[in-house]
Amino acid sequence: MSRPRQIHLAAHFPGVNSTTVWTDPTAGSQIDFSSFEHFAATAERGLFDYVFLAEGLRLREHKGRIHELDVLGRPNTLSILAAVAAVTEHVGVVGTLNTTFNEPYELARQLATLDHLSGGRAGWNAVTSSDAFHGANFRRGGFLDHADRYERAREFAALAKQLWDSWPGGGVRADAASGVFLDDGVPVPVRHSGPQFDVDALFDVPRSPQGRPVIVQAGDSADGRAFGAEHAEVIFSLHQEFEDARAFYDDVKGRLAQYGREEDSLKILPAVTFSIGDTDAEARERAREVALQQVRPEVALTYVEQVWGRDLSGYDPDGPLPEVDPDTGSETARGWANRHAAVRARIAKLRALSETEGLSIRETVIRLTATPTFVGTPDHIAGEIDRYVQERATDGFTVVGHLTPHGLDEFAERVVPLLQERGSYRQSYEEGATLRDLLDLPATQTVPAQSAPALAAR
């Protein structure tokens, strides 16, 4: 009997987002290091590939006030991951860092440093931003059009890889007897001139234990999928339903060949939420209780106000969706969908869902944002995760709990052992394994060192 496909799992720190229930009495801090330490320890106990931190470059606002999902703040990703790497031994550390408001040399340098500090366990979730809301925090201000932000991201990622690869493997000799520290032509000069960046550099961080950090990506548009197929080694997608997930998997994996890549050079790990119970009925009841905590009446109204682009405070959250038209000229509406037609199409879908299932405003928002992917007993959830992977709808999942920092505990304790029993999940970490090893990704290619005269000519 052939060995089943192996499941890859990432652990998403809950932080501040629509899945988080910060009002729960057992919820902890988003900022205290003890929260990150507990979460990472749980992920490592569950033999996860990596822990994953999202990033927000600005606190979200609504009606001129900080949105309640962001009241806990957004600490710096790289600082947290460096600290987490110091208190773990095996699990990878992956952070979201923006290509729109950073520069390739400095970010590549920071990530290479994290990769060294962690012993080759670092990864970079490369994201873009296109809106003036985030841009206002930065010197350039403004925003990039959708196509321009991906053009910048492609050039950014290509240049980062060139910088990381400019130190060939074995370039550091450190021979005390001869007094030779570096081989001739190490590091290789990086000269790049493109539409977005003009760089002439000698990269100052040697090649890391895994060659270079793993690149993760989350874009879903045509441009995002093209970027992922060219540069990403993991895709964090939102395609959770089985057929939808498989269609996404086939589409993106089918693009790899044009970039000279094999199927296994990219792992697709959709976000997945869950509700576990001793019985299916108990799991459904727990899911309902959590959803009501996640989408309180005021949260439901905030959601529809952001879609409609207008004040809807006079509406009953337990009543029907608003009959009024959206204010498509407002900044909120433009930020949501950018086009009048897209806003109206979004509202039409909400109304169709509400009318078909007889849902109130709050119930509609719950249906869209707070319905767990997997609901049931541990055995049922393990079976579904295994089915997705064995039937090539995914390579695994990014597990998202609803509590900080304990949202992963029950999954690690009750579902992971059942995946191990199926033979489709690791029994232990291999000593010294890098994040690239954990994800079963191919080794990175090194570039040939240039000669000493080429370096001197600089």
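Biologist: Which strand does Ala-174 lie in?

Modeller: Welcome to this predicted model! Ala-174 lies in strand S7, which covers residues 172-175.

Biologist: Why is Ala-174 called partly exposed?

Modeller: Its relative accessible area is 44%. Buried would need a value under 20% and exposed one over 50%, so Ala-174, at 44%, counts as partly exposed.

Biologist: Where is Asp-440 found?

Modeller: Look in the loop between helix H16 (435-438) and helix H17 (452-456). Asp-440 also has a positive phi, near 55°, and is a residue other than glycine.

Biologist: Why is Asp-440 described as partly exposed?

Modeller: Here the relative accessible area is 47%. The partly exposed class sits between the buried limit of 20% and the exposed limit of 50%, so Asp-440 belongs in that class.

Biologist: Let's turn to the peptide bonds. What kind of peptide bond joins Val-186 and Pro-187?

Modeller: That one is cis, with omega about -5°. Pro-187 is in the loop between strand S8 (180-182) and strand S9 (190-193).

Biologist: And what is omega for the cis peptide bond that joins Thr-404 and Pro-405?

Modeller: Omega there is about 0°. You can find Pro-405 in the loop between strand S17 (396-400) and helix H14 (409-414).

How values were computed. Residues are numbered from 1 along each chain as its sequence is written. This is a predicted model: local features need pLDDT of at least 70, side-chain atom pairs count only at pLDDT 80 or more; totals for chains, interfaces and linings use all residues. Side-chain values use heavy atoms; hydrogens and water are left out. Helices (H or I, at least four residues) and strands (E, at least two) are DSSP runs, numbered from the N terminus. Buried means under 20% relative accessible area, exposed over 50%, partly exposed in between (1.4 Å probe, protein chains only).
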